[in-house]
Amino acid sequence: MSSSSAHSVSILELYPEHLEASGERGNVTALRARLERAGHQVDVVQHTIGRRLPKDPDIVVIGNGPVSAVRAVYADLMENAQALRSLADDGVPFFAVGAGAELLGGGITLADGTVLAGVGIFPFSARRGVPRQVGYIVVESAQGTVVGFEDNASEWNLDSGAVPLGVVTSGGGNGNGREGVIAGSSIATQTKGPILPLNPSLSDAVIRAALERRDVAYAPSAAHAELDRLAAKSREVIVANVKSVFTTI
Amino acid sequence: MRYIAPVLVGRAVRAATRARGGGSALPGYIVNKMAPGFIKNVVAQFEYGIVFVLGSNGKSTTTHMLTEVLRGHGLTVFTNPSGANLPQGISSALLSEVGVTGKLKADIGILEVDEAFALELSKTLLPSTILMLNVQVDQLYRFFETEVVADMMLDTAAVATQHVISNRDDAYLSKIGEILSKKGSVVPDVTYFGAAPKLVADSAHGLFNAANHREEASTAPIDALAELESWDSTGARIRVGGELADVVLPAKGLHYGIDAAAALATAAQVLGTEFDLAKASAAFSSMTPAYGRGELLDFGNEKVEFVMFKNAASLQLNLDALPAAPEQVMVAIDEGTPDVSWLYDIDFAQLDHVDVLTGAKAWQFALRLEHEGIPVGTIEPDLKKAIELMRALPAPTTGHKTWVVNYEQMMLARKIIGYGDMEVSF
């Protein structure tokens, strides 16, 4: 599967059949496109239930899904929890969205009160069943303004001292004025859209963290200009239409 | 007699709201308030009862097909205009058909119903037959989780007083037989439609029905009363019982062929021994496409083919149904499609370029295409200007331009090119 030249970058996609309900495949698409346009070869390796977790990924990506999907992957994820924690301890950046991020956190309290313990890579816990937040979201972060679409009924409570991805300027985020959480070079977020194509600076932060571990340089070039231009225009419209009211009847 | 006043008031409101242009739900609302028993009383007059058509995609098309097939058998059919599938829209549609005393001359009602209101509406309308088309990922911003939508349909199906017609190839809806027999229900009976397995296997992206993460797939094979055997640019071959029928499809595509199988299975159940496959296929020959589903409209000396999408499934299946990469393409998408995350789940291999991209979400769509290296000519967020850019292109050799549009942009585009005065109906 993997052809590992010095510059080949391996992206591990966790449970794509279950946890990519909100277009999170797009986050992998964005990372791949930016890496390839910078001249790197990319191997995307998918982990599905019952398979052996691939070794030595450079980036780990997980996405969102319904509670039924969370339950479906849970046993397999727990079997691989130690291996995933080791990757995080070694500095492999994780990029996690929605339910997948919650599984990699401290735990999820479901609407019926059941608690699912998490893998413990991200310092927060999630509580489901709060009022749903739907619409565009804008966040000020260390990587600049982050925009996207949110659609969740989940409140994220960060552990003491944990650092959020950013401060919400429009939308709901974690439910307390902040959005997401970071752990070293790993990022967990509730923002969809998908978030990485819309926010090249965030993609580049993930890519840089991955390549620095291997002493490989990364810089966006003219080959990235059109991706960046279209992302910038998309972001302008999102910020202008941020108050769009969506029917949730 | 007790309905004369409410009906007259409702009609007056209807006339007034129409004169101002719009507001079709209000008159129904007023009649419901003035005479709560009105609707129940009207629908009790249907000899063949009421059919609900439910599904993530294909409701309007299938409602239209079923209506025409039953009309082909000589029945007088009451149906709701395309897309008017919320409770007040249905009341308003009834209001426009009844006499002032509340009498309605129809043998059967065929109604497409929004999933979220189906169960509630079933309490008033007491449907005899429920047709369930598919569960596909749709409007998550509204339904949250796809299995919620599945349960809305399955729960409604259980209250049908005579027949349930369901999709054998849908991971959720194929469970209805098991669900009802576990309950020990004798009625409704359950009948399936489907597509031949080879047809599904050969489809580039299958049927695009939602994955079921909560239940194991059934291992026992399920028989389908109506099965789509093949389809091409002109029509579909469908086996009903032991008989084969060739039908003309109002719009091309695997999903439209399956809709036709669903309509035939339903007609066969509703009509029983009166069902005549020859009459049914004849009815398909004269069908016009539903609004925006493969419609060809005049555009100067050329034609425009509208390809409408509402969600990932309808966009992918409509793209897959294109015979070749369209020569001239406009894509129009606006905030009527709130969350476009799913654009990254779509395989755009059927497009080799887009000439004009328009609507508030044009930039987001262009960003998606750039990730696939599909070239885009001009991005013009204003639809009117975008249409002028399309007009300025030389005449395509195929004779028609292809406009891939979300629902809201379709309605606007139709208006701009001179089809806006028509009422939403067939």
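How many residues from chain B and from chain A does the contact take? It takes 26 residues from chain B and 34 residues from chain A, where two residues are in contact if their C-beta atoms, placed from the backbone, lie within 7 Å.

This is a predicted model, in which local features need pLDDT of at least 70, side-chain atom pairs count only at pLDDT 80 or more, and totals for chains, interfaces and linings use all residues. Residues are numbered from 1 along each chain as its sequence is written, and chains are lettered from A and ligands numbered from 1 in the order in which they are written.

**Stop 1: the side of chain B that touches chain A**

Select helix H7 (140-143), helix H8 (146-157) and helix H14 (362-372) of chain B; each supplies at least two residues of the side that touches chain A. Helices (H or I, at least four residues) and strands (E, at least two) are DSSP runs, numbered from the N terminus. H14(B) gives the most to this side, with six residues. Colour this side of chain B by class to find 13 nonpolar, five polar and eight charged residues. Ala, Val, Leu, Ile, Met, Phe, Trp, Tyr, Cys and Pro count as nonpolar, Asp, Glu, Lys and Arg as charged, and the others, Gly among them, as polar.

**Stop 2: the two domains of chain B**

Next select domain 1 (4-285) and domain 2 (293-419) of chain B; the bounds come from an automatic or database domain assignment. Taken over C-alpha atoms, the centres of these two domains of chain B are separated by 28 Å. Where they meet, 20 residues of domain 1 of chain B are in contact with 16 residues of domain 2 of chain B. H7 and helix H11 (254-271) of chain B each supply at least two residues of the domain 1 side.

**Stop 3: the sheet**

Now select the nine strands of chain B that form an open sheet, in the order S2-S3-S1-S4-S5-S6-S7-S8-S9, with mixed pairing. Two strands pair if DSSP finds at least two bridges between them. Strand S2 (77-79) and strand S9 (243-248) of chain B stand at the edges with a single partner strand each, so one side of each is left without a neighbour in the sheet.

Zoom in on strand S8 (residues 235-240) of chain B, which runs antiparallel to S9(B) and is joined to it by six bridges.
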